[in-house]
2 protein chains.
Amino acid sequence: MNHEPLYQQLVNEWITLIQNGVMRPGERLPSVRQACAMHKVSPSTILAAYRALEDRGVIEARPQSGFYVKSSANLPLPRMRRQSTALPTSDDVLDHIEAFMAAQTGEDFIDLSLASPRGSDFYPTGRVKQILNQLIRQQPELATDYPFPPGSARLRRQIAQRVVSWGCVLAAEDIVITNGCSEALSLALRAVCKPGDTVGLESPTYFALVPLLKSLGLSAIEIPTHPTTGLSLDALELLLSEQRLNAIVAMPTVHNPLGCSMPLEAKKRLAQLVNQYRVPLIEDTPHAELFYGQAVPDAVKAYDRDGWVLLCSSYSKTLVPGFRIGWIAPGRYLKEVTRLKVASTLGQPRLLEETVAEYLESGGYDHHLRGLRRHFMSQMERLRGMVASHFPAGTRATSPSGGCLLWVELPSATDTQQLFRAALAERITVAPGTIYSAKGRYRHCLRLSCCYPWSDAFERALVRVGELAGQSRNTTA
Amino acid sequence: MNHEPLYQQLVNEWITLIQNGVMRPGERLPSVRQACAMHKVSPSTILAAYRALEDRGVIEARPQSGFYVKSSANLPLPRMRRQSTALPTSDDVLDHIEAFMAAQTGEDFIDLSLASPRGSDFYPTGRVKQILNQLIRQQPELATDYPFPPGSARLRRQIAQRVVSWGCVLAAEDIVITNGCSEALSLALRAVCKPGDTVGLESPTYFALVPLLKSLGLSAIEIPTHPTTGLSLDALELLLSEQRLNAIVAMPTVHNPLGCSMPLEAKKRLAQLVNQYRVPLIEDTPHAELFYGQAVPDAVKAYDRDGWVLLCSSYSKTLVPGFRIGWIAPGRYLKEVTRLKVASTLGQPRLLEETVAEYLESGGYDHHLRGLRRHFMSQMERLRGMVASHFPAGTRATSPSGGCLLWVELPSATDTQQLFRAALAERITVAPGTIYSAKGRYRHCLRLSCCYPWSDAFERALVRVGELAGQSRNTTA
C-alpha cells in the first residue's frame, strides 16, 4: 500500500508519463475537471499535484490556458534588465527592417528574423484559390468596382461574429478593414494623437512602432513589460496619474516579441485604467489567434466600457499572409479612423475581402487554426531546444503563450548588433534586441522566428547563430 | 472659278463636313501634316484655315494634341472668379465624400459625383480574370507570401517601360507600388513635409487633398489655376520667391476637376522652377492616360533635373478600379517614401500586382486605353450637350482634355451646397464646388462625372439637377 499522499502519487505518475515520452514537452495536461474524472479524485488533489509538478519545473501554467509539459529545454526566463547603450535612431530600426526584407527576396538567405510566412504549406491555399476563382467568375465587378471604406460588410460581419469568442460585442458597423494590421496601427495613432504627443509603448515592443511614431512626430515612453505577464500596470498607472501619456500601444494577447499574454485580471484592470484616465489604448493583436491554448483569451476590448480601446488585428499571420487584410474596431474614434482611411489610402481590394469573408463563412477556419497553432507550438518547442543546446551558457529565453516568436536574452556582454552583421555576412538574418526599443535597450537580446517550415538549413543556421553569439562581445559594455 | 483665298475654301469645306455630320463634335481634325497631303496645300494654308475655324468657334485646339471639332454644346469657359464665402472645414469635405460613398452602396442612387467606375463594361475584366486564375494556380505562394515594399519588380519594370512615352526615364528601382494613387499622395506629403509646413495647391484641386493636409497638420495656399492651361506659374513663382511653400501638389496632365492639361512649355517651366527653388512638386496624374489625344503628353517629371518631382499615378481609373494598384516615383525622396510605406501599411497584395504586370506585359493595354478614351470622350460630349440644354442660362463649363470630369460654373448666385442637399433628397449625388477648395471658394460651381455607362436614369438625373440648379439661390451672396 502506498503511504504517500494522493497528490504525490499523481505527481509520480505524471513524471513517469513525461519521462517515458507519453506526454511530450509543450503538450497540454488534462484540465482540472478532466483530470478529476480520469483519476477519480477531488479538484483540490489535482491542483495540489499540478502545483507540485510546477514547483519541480516539470510543467508550467499558462494564463487562461491550462498546464503544459514544460520544455525539456532548460531555458530560464529572461531577466529583462533594462540595459541602455548608445541611443539608436529610428533609422537604425529601418536599416534592419530593410535587411530583413532584402533577405526575403534573396534565394540563399536563411531568415530567422521576421514573423512573415513564406511559400508554406501551413495555409489553406487550395480552398482560398477555389473561392477566389469562383468569386471573380460570378462577380466580375469585384475587379472593376471602386472599393470604399469601411470595406466589405460581409467580412466585417464575420469579424464581429468571431470576436465574440474574445469577449467582444461589436457590430459590423464598428469595424473598418485596413491594409494589414500595420495600417490599423498607423490610422489609430493618427486618430488619437497629434504631433508632439507622447505614446506609452511596452518595452520591448513591435519594432515598426518606433519609426512609425517618429514619422508622426510622436515621442515614446517605454513601460516595463514582464516576459510572462506583460505590461506593468503599476508603471502604467504611475504615468497615467502624472498625465504623461496621450495614448498607449499594447499587445495583451500573444505579445510581439515576448510571446506572453496578460492574465485576465490584468486585462480587466488595464481596461478600467484607460477608461478611468480617458487615455486611448491601441490594442494590437495580430498574433492572438495563434494562442496555444484551446481558445483565444478575452481581449482588453471586452472590458472597455466607454470605447477608449482601439482593437487592431489581421489575417496576415493566420490565414492569407499575402492579402493584406487587417481591421480595426476603433471604439469612440470610429469617425476619425474612417475619415483618415478615406483620405490616406481609400479602400482595399474588395475581391480579396470577399474571399476571406466567404472562407470564414464556410466554416473551416477554426479547424485550420487548431492545426496552425499545433504546428507553431511544435516548431517553437524545437526552436527552444536548439537554443538550449547551441547558444552560449547563460542564455535565457521566453516561454511563449502562442505564435512563432522567441525572445532570447544572451549573456550581458553580447552585442547582437555585431551578431546581426556577422550573421548577415553569412546570409542569415536575425533581429537584434535594440530595434525593439525606442531607447536602444536590449543590445544583448535577440528575437528568433520559427514561422517557416522547419528545415535542415534552418537548423544549421540556428547552430551557426549560437556560435556567432558566443563571439559577439560588446567591447563598450 | 473660286476667288476666295485658298484657306477660305478649306474653311468652307470643313464647315460643310461638320454641318453634314461627316465630322462630329469631339472628333480630331487631321494633323497639319496629314491635311497638307490630303489637300495638297502648304502647312501655312492649313494653319490659316484651322485658325479661322477656331476663331469662328467651330473647332478648338487642345494643347499637345491637335484640333478638334468643337462641341455643339454652346458652353463658354468658366470665368474662375475666386469667390469666397463662409469658410468650410475639412469636415465639410469629408461629410460630402461620405455622402458620395454612401450613394455607391444605395441601389437606387444616381451618382454624378465620383470618378470611380462601377460595374461597367469599360474594363478588360475577362482577360484580368483569366490572368488572375492562372497566376493563383501556378503560384499559390502569391496568396501566402508576405508582400514587402517596394512591390512586384515585374510590375515596376512595366511601369518604367510605359512612362517612357510620358518622357520619363525611370528604373524599376525608382518606383514604389502603393494602395492606389491616394496612398502615393499621402506618402509623398509625409515624406516632403513636417507638421506646420505649407503646401501650394491648385485652385480648384482634388477634394481629398483638403482633409489629407489637415490630418497631417499642413496648411494650404491656393494658387490660381486656369481652366485650359492649368496652374498659374506666375503666381507660383511669386510664392516660391517669397519662400512661402514647402511643397506643391499639381495635376499637370488631365486635371481633376478642371480636365485641363498644361502646355508643354509650361510643364518645362514648372520643372525648372521647382528645381531652381528646390521645392518638391508632387505631380498627381491618375487621369493622365485618359488624355483624349493620340498620346499621353510629357509629364513634368520628364524635365526634372535633380529629382524634386514625385510622380504619382495608378491603374484605378484606367484598368482595374477594384485592385487599388497605385505607384509613386519619388525622385530624391525614394528612401523616405519607402520607409514610410514600410512603417504605415507595409506591402500590397502581390497577386494583384502580378496580375496587372502580366496584363501590361501581354500587350493589350494600349488598345484598351484607346477604346476607353474614345468612350469617355463621347460620354463627355453628351454630358456637355445635356448641360448646355438643361442647365440655367449663363452656365459655363470646361472643355476637358481627357478623363470623365466636367467642371460647371453656374450663375454666381447659385448655391451648390443647397443644390447638393436638394439633389441628395432625390437620391442624386453631385459634388459642390466648395469641396475643391481649402478656402470654400466655388460655391456656384459643380463637378459632374460621366464615368458610368450612359443610361436614361443618368440623363433624367442630369435634367433634374439642371432644374434644381435654377432653384438653388445663395441668399447670403
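## Close-up views

**View 1. A:Tyr442 is buried, with a relative accessibility of 1%.** Buried means under 20% relative accessible area, exposed means over 50%, and partly exposed lies in between (1.4 Å probe, protein chains only). The model is predicted, and local features need pLDDT of at least 70, side-chain atom pairs count only at pLDDT 80 or more, and totals for chains, interfaces and linings use all residues; side-chain values use heavy atoms, with hydrogens and water left out. Residues are numbered from 1 along each chain as its sequence is written, while chains are lettered from A and ligands numbered from 1 in the order in which they are written. A:Tyr442 is not a glycine, yet has a positive phi of about 70°. Its place is the loop between S15 and strand S16 (445–449) of chain A. Helices (H or I, at least four residues) and strands (E, at least two) are DSSP runs, numbered from the N terminus.

**View 2. A:Arg427 also has a positive phi, of about 60°, although it is not a glycine.** This residue lies in the loop between helix H15 (416–425) and strand S14 (428–429) of chain A. A:Arg427 counts as partly exposed because its relative accessibility is 35%.

**View 3. Strands S12, S13, S16 and S15 of chain A form an open sheet in that order, with antiparallel pairing.** At the edges are strand S12 (396–397) and strand S15 (431–432) of chain A, each of which pairs on one side only. Two strands count as paired if DSSP finds at least two bridges between them. S12(A) and strand S13 (residues 405–409) of chain A run antiparallel and are joined by two bridges. In one of these pairings, A:Arg396 has A:Glu409 in S13(A) as its bridge partner.

**View 4. Strand S1 (residues 59–62) and strand S2 (residues 66–69) of chain A form an antiparallel pair with four bridges.** A:Ala61 is opposite A:Phe67 in S2(A). The hairpin of S1(A) and S2(A) has three residues between the strands, and A:Gln64 takes a positive phi near 60° there.

**View 5. Helix H14 (residues 365–390) and helix H16 (residues 456–471) of chain A have axes that come within 9 Å and cross at roughly 35°.** Axes are lines fitted to C-alpha atoms, for helices over the stretch in contact, and angles run from 0 to 180 degrees between N-to-C directions. From H14(A), A:Arg382, A:Leu383, A:Met386 and A:His390 meet A:Glu459, A:Leu462, A:Val463, A:Gly466 and A:Glu467 of H16(A). By class, this contact has four nonpolar, two polar and three charged residues. Here Ala, Val, Leu, Ile, Met, Phe, Trp, Tyr, Cys and Pro count as nonpolar, Asp, Glu, Lys and Arg as charged, and the others, Gly among them, as polar.

**View 6. Strand S5 (residues 198–203) of chain B is mostly covered, with six of its six residues buried.** B:Thr198, B:Gly200 and B:Glu202 point one way from S5(B), and B:Val199, B:Leu201 and B:Ser203 point the other way. In a regular strand, side chains alternate between the two faces of the sheet. S5(B) runs parallel to strand S6 (residues 219–226) of chain B, with six bridges joining them. B:Ser203 has B:Pro224 in S6(B) as its bridge partner. Between S5(B) and S6(B) the chain passes through helix H9 (residues 209–215) of chain B, in a right-handed β-α-β crossover. S5(B) is also joined, by three bridges, to strand S8 (residues 247–250) of chain B, and these two run parallel. B:Val199 is opposite B:Ala247 in S8(B).

View 7. A:Pro257 lies in the loop between strand S8 (247–250) and helix H11 (264–277) of chain A. B:Pro204 is in the loop between S5 and H9 of chain B.

**View 8. B:Pro321 is buried, with 0% relative accessible area.** B:Pro321 sits in the loop between strand S10 (309–314) and strand S11 (325–329) of chain B. Neighbours within four places in sequence aside, B:Pro321 is in contact (heavy atoms within 4.5 Å) with A:Ala143, A:Thr144, A:Asp145, A:Tyr146, A:Pro147, B:Pro117, B:Tyr123, B:Tyr315 and B:Ser316.

Notes. A crossover is right-handed if, with the strands pointing away from the viewer, the path from the first strand over the helix to the second runs clockwise.
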